[in-house]
Each structure stands twice: as structure tokens, then as C-alpha cells.
Amino acid sequence: MGKLVVLKFGEGSFEQGFAVTLEIGEEHERATTEITGKLPSFPEMPLYYSHWQSSYRQIGNRYRLHADKMQVTNVSMIQDCENASHILRARFNTWLRAEEFRPLREKWLERLSSTEEVRVILQTENSQLQLLPWHLWDLLERYPKAEIALSSPSYDRIHKPRTLNQLVNILAIVGNSQGIDTQADQALLQQCTNAEVSFLVEPQRKELTEHLWGKNWDILFFAGHSSSNKNGESGRIYLNKTDSLTIGELKYALRKAIENGLQLAIFNSCDGLGLARELADLQIPQMIVMREPVPDQVAKEFLKYFLEGFAGGESLYQSVRQARERLQGLEDQFPCATWLPMICQNPAQIPPTWDELRSTKTKDIPNLALSTRHRLTTTLLSSLAITALVCGARLLGLLENSEIQTFDLMMRSRPGEELDSRLLIITIDDDDLAIQRQNNESLIGASISEKSLNKLLAKLNQYQPRAIGLDIYRDFKAKQPDLITRLQKTQNLIGVCKGSDGTVNIPGNQPPPEIPTTNLGFSDFIHDRDGAIRRHLLFMNQEATSLCPAPFAFSLQLASLYLHPSGIQPKFTPEGNLQLGKTIFPNLKSRTGGYQNIDANGGQILLNYRSSKQIAEQVKLTQFLSSPINPSAIKDRIVLIGVTAKGDSPDTWPTPYGVPLDEQMPGVLVQAHMVSQILSAVQDGRPLLRVWSLWAEVAWIWGWSLVGGVLAWRKLSFPWLALAVSITSSVLYVVCFGLLISGAWVPFVPSALSLLATVSLMSIYNSTTKVRVASGE
């Protein structure tokens, strides 16, 4: 539904200024916005118009004026006319940008969208105001679907119900055509679809009067010569070579025609504002006239373009604007041709479309239920089509990057969690490496010397940790006998190795030779396309040539040791999923959530990082070895030993919390998150990250597409629609975020995309399709 804007000019003059009231509202409804302002005095404005008018009329084209007054020679003054038009346009817009008028201008910009169809009605009795080129107002030119019409402040509605004809009844009066070509006008009218045209060629006064009384006319058309008097209060049409009439001399016949349903009068002739003023007193609904003398070629082209649009389904106002603007192609020969056509409107009447002028099976009585069903069907079909397109793009992987980025944003935004008290992390940083070197301890091939490692394991075993995880590669034999014995005899010690990958020629790393095979876990991480770790590999089948024999992840081995006293041991469901106690860890598939066509080999789950600044309590190696220890900080805990140093071959990895090198997470902390995820799921019921089935996700995306259709159904103005879409998208994000916290990764990006696409598509559909739901005229 379009907007109706009314500019009401009160008492005033160009010497004193004008009081102005701006009203804005929806079509068919009362205005919802009203504001008053003022245009300041500008006594020179009529002079600027008179100067342009004088230069325009001196050109002397083949005007549809009275034949005796028509100039047959074309004086070469086109440039003067164009210069005068530029000056008039500039002065006119300067006046409309006056400070006193600014509140109305700002209210207009606030309430109206450039995508809406806008009817603007200028109400004033001042004939000089009516003559000004309002279509050149820079504010109006921002709105490609806006057109302005003139109106008198005094008007009334025709209350007699209109009887619809089966065809659009057009009474075409072809008056005195001396020196002009009215045959073209007749031919254009005869081409109109669903119309019955009756021609009166150079009629007598009585013949015209009889026709006006005798039939229900929808459109009155006049082509020929016409003129207005100097003050623009009245006009005259020239019926034939001898007779001419004013509107007053046809008053009763025209009043009867209007009472019988005459909707539109088109005077495709010169200088029609005087005719319009008199017809307005008879309350005719709509008129189209020419403000100044019109060249014959311009009149023919305008009629062609107007009928093409109006009979083709465009609104009356849009048809006039488009036809007027298309005249620009003639302005090299006929300057200011686009200035000439004008609409005069009775504000109490609503302009009909071409089909609304006649009776049809579907439009005799507007059917609200039919319109609603049609719009509902259109919304459903549009949402289904958009959902199919979005889901298709998703399955092709086109949305994967944006979905992963949104997933990372939500992961970083989760509320904080407490430290995992089951873990203790002993870190080896750059200071620890430096201290070992200062003590002349050999670090060849490792980040911890044999002396420090032996001392560390000895001290840890005093306090009875439940499991010790050595997240440091030692693919060489130890030299110190004490360390060899300790590595062999420490039953709760888990070492690491790295599996090989023949597809990318990665040989892997051997395990520490002293640690039994049953106490080994692989340290392999699953990388996404951006290198980040968002998946947790629990188990896999090692390649035949792999240097690492461990089938289970380092994190799973540590968690299993921790859970063993509780009688919980790893086992597998018939579907091949890992089960610890009552908790099942379902394997990822190649298409899971935002992931499309990933390598899902092995036992993979999504890694639900613990949302805290630190995953667990941490202590530096040097501090641990040199300081007294609280036994409760170690007893029955999992102790992870790993490198956090950034200087020597840093062991850091991209995660949702940071991909750049300086934001990456040390590998030992990633392992800690993985261990914590397993223990928290089994012991605390902390949710694992899961995804919905494919069809559940499709239904979810379709649901939000339907929401977009409902928003567009409301036919809100662009600012309000944008606000509604923003609020709805925010609600969608909050819902998806809340579900992620509870353990469900549901599609946000596809849902938001389908919502926006449906809103856009249905808004375009609404702007091009008129569905009448108001009561009939």
C-alpha cells in the first residue's frame, strides 16, 4: 500500500510568505502525521516563472493553441528557454530549502521511503503557486515512485455509487484540429484494451451535450485547440472551426457525467489549468492537463506513453510520471517538455486503475478472503523457494565460512564457567627453558631435560594423582637409568605420539620407547579449513605405516584413567559411537551443522570448549619443582604437562578464541579442554555440542523464511520494516545463542539469510502487485 502526502497552503502571498501544513498517511486511511511550517516571502518567484514562460512561448512550436494564435515559424530561442528553466529551478529549490520550511522537509524524509509509491497533493487557491514546477523539487526527485497533483482546498466527494461498465467507456472529443495531427490521438485510443471509445469529431454544442447526458462515461478525452485566460481562472476548448465553449457553458452536462461515474478527464491540449479550475468546482475525481502550450508532437508522445502504462496496469500517478519523464527524449527540439503534463486531483476520491474502471468477474467486489488466500499462497511458495535456494547453497558449502565465523562469535560470547577442579596443568614457558639451560641441563630433542622430568615425576607420584599426561614428544630413548625405570613403572602416566597421514605426507612421531603401548594416546588434532580446532578426535584406526600405534586420543586415555575407579570404561555402541557410562559421544557425519563435506573418519565430536579465561589451575615447571606443594592440589587429579613457551618451536593452535599467532592456544591447553569436555559430559551432565537432523534444520530455516514473509505481509514503510527485520534477526541470534549454550548448534546464517531474502522478495512483490482489500468505491 502506498503513501498519501498532502501539502496544504494557507493564506499568504509571495510578498508575505505562506503557512504550510504537511500531512502524511497510508492510502485509504486518515493521515497519521501532521506538521505545520512556513515558506518565507519570495516576491521575485512569479517573475522568474514569467520570464521562463515568456521565453518558452516565444519558441513558437506547433502548439495546440487556438488556430488563429498559433505561430507557424519556430524562432531559434531554445537556449534562452533552457537558461531560464535552469534559473527558475535553482531559485525554486533555494526557496524550498528555507530554514522555516526545514521541519516539514525533515519530517518528509523521516516518514517516507524512497521505495514506496507516494501520491503528493498540493492544495492551494493561489494560481501562481500552482504554476510552479513542483515536479522539479529536489526532495520529490529523490522518490522515483512519487508524483504530485494539484488540488483546490474546497472539495466534496461524489456519494452516488458508480455503476461499472463491462468495458472502459471513453468519450473522445476531437475539436478544431487546424494545423495539428489529432489522427494520432484517435489511433492510440482505439488501441486500448478492454475499452469502448466513442469519437465526436468537431461536434456541435448540442451533440456534445447529448452525449455527456446519455451514457455512463469513465474517461472524457479532448484533443484539439484550447486555452486559458490570463489569470488562469477559466479555460476554453475549440469544438470546431466556428464554435468554442467554456466549462461553464457545459456545466450541467458535465455535472451529470460526473454523477454517473466520470472518473478522469484528459485534456491533451494547450494551457489547461483554467479548464482544470472550472472542472474542479464540479468535483471531478481526476484530470490530466498541460500547464502551458503543448507542441503537437509532445502531446502525441505523452498520450502514447500514458496509455501504454495506464492501460497496462500501472497506477494513474505512476503512468503520468513515467510518460512525463519519457518526454525528455524530445527536449532537444521541445525544451521543458517534461514540465507540461499535470494531474489535478479531488482529494476525496481515490484514483482507480484501468481495471478498476470496468466490471470484471474478479474485481466487481473486492474479495478480502481471496486476497488473503492469494497472499498466503504467494508467501508460502516464496518461502519454500527461498528455503530451497538457501539450503542448496548451504549443501554446496557456500555458507560454511560465514556459519563457522558466527559459531566462533557465539562460542566467545558464552557466559563464564568455573575452572575444572579435576585438572592441574604444569606449563613449561620461556622462563622455564632458560632456567634449565642456565643449570646446564640438556634440552636436545625435548622441552624438558631428563633431570627435570625425572624430578617432576618423582614429586608428582608422592601426591598420588589419578593420571599424569605428558604432552611432550619423546621419540628417543632416555639416557638416565632412573628416568627409564620411572617411565616404565609409572602406571598412571600417559605419553603421546602422532599418527601419520599419507594423504599429506606427514610421517608422524614415535611414542616414548619406555612407556607401554597401553599407556599411549595420539595427540592428533582435526583442523578446519582455516586451521582452527573445533572438532575433537576421540579414536581412529592408525595407518599401517604409522609410527604411532595408539588407537585412542591422549585426552580419552587420561579421562578413562580418571573414570576407572568409578567403574566406567570405554565401550562402543552398535552404531560405532563411543560410550562412557551412560554418556554416548555420537560421531560426526560429513555434513554436520555448518560443516559440509568434511572428512569425518574416526570418532569425531564437536569440541565444546569450557568458557573460562583458564581451563584449570596452572603452575609453572620451575615453581612446581622449587616450591612446597599442597597435596590436595594433586591428589586424585589429572596432571597435564606441556609447553606454553612461544620462543622455541611454539606448540600453539588456532581455535574459535583466536586464529592469529599471538591469539592461538597452547596445545596442552587444547588437550585440557578436551579432557574436561569428556569428564564434564560423563560426570556433570554438561552438554555435548550436537546438531539437528537435516530435515529439522530445513524446517527451522523455512520457519524463519515464513517469519520474513509475515513481516513483509504487514506492508510497513521501509524504516519500520528495517527496524522489524533488525529486531527479528536479533531475536533469531539470541535464540540460536541460547540453544548453543544448551548444546545445540542450529543454523543462524541460513535462517537469517532466508528471512532477509523473503522480506526482500515479498516487498518487491508488494510494490509491483496491488491487492485491494478496502471496500469498493
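**Helix packing and burial in the predicted model**

Helix α16 crosses helix α18 in a right-handed manner, a crossing being right-handed if the near helix is turned clockwise from the far one by less than a right angle, and left-handed if anticlockwise. The structure is a predicted model, in which local features need pLDDT of at least 70 and side-chain atom pairs count only at pLDDT 80 or more, while totals for chains, interfaces and linings use all residues. Residues are numbered from 1 along each chain as its sequence is written, and side-chain values use heavy atoms, without hydrogens or water.

Helices and strands are DSSP runs numbered from the N terminus (helices H or I, at least four residues; strands E, at least two). Helix α16 spans residues 554-563 and helix α18 residues 667-684; their axes lie 9 Å apart at an angle of about 40°. Axes are lines fitted to C-alpha atoms, for helices over the stretch in contact, and angles run from 0 to 180 degrees between N-to-C directions. The two helices, α16 and α18, are therefore oblique to each other, since angles under 35 degrees count as roughly parallel, over 145 as roughly antiparallel, 65 to 115 as roughly perpendicular and the rest as oblique. Residues of α16 in the contact (heavy atoms within 4.5 Å) include Phe 554, Leu 558 and Tyr 562, and those of α18 include Met 674, Ile 678 and Val 682. The residues of this contact of α16 with α18 comprise 11 nonpolar, three polar and no charged. Here Ala, Val, Leu, Ile, Met, Phe, Trp, Tyr, Cys and Pro count as nonpolar, Asp, Glu, Lys and Arg as charged, and the others, Gly among them, as polar.

A second pair is formed by α9 (residues 296-310) and α10 (residues 316-326), whose axes come within 8 Å and cross at roughly 145°. This crossing of α9 and α10 is also right-handed. Phe 302, Tyr 305 and Phe 306 are among the α9 residues that meet α10, where Leu 316, Val 320 and Arg 324 are among the partners. By class, the contact of α9 with α10 has seven nonpolar, two polar and three charged residues.

In helix α3 (residues 102-111), the buried residues are Leu 104, Arg 105 and Trp 108, where buried means under 20% relative accessible area, exposed over 50% and partly exposed in between (1.4 Å probe, protein chains only). Seen down the axis of α3, these residues fall within an arc of 100°, so they line one face of the helix; the arc is that of the directions from the helix axis to the C-beta atoms. The buried residues of α3 pack against β1, β2, β3, α2 and β4. Helix α8 (residues 273-280) is mostly covered, with seven of its eight residues buried, including Leu 273, Arg 277 and Glu 278.
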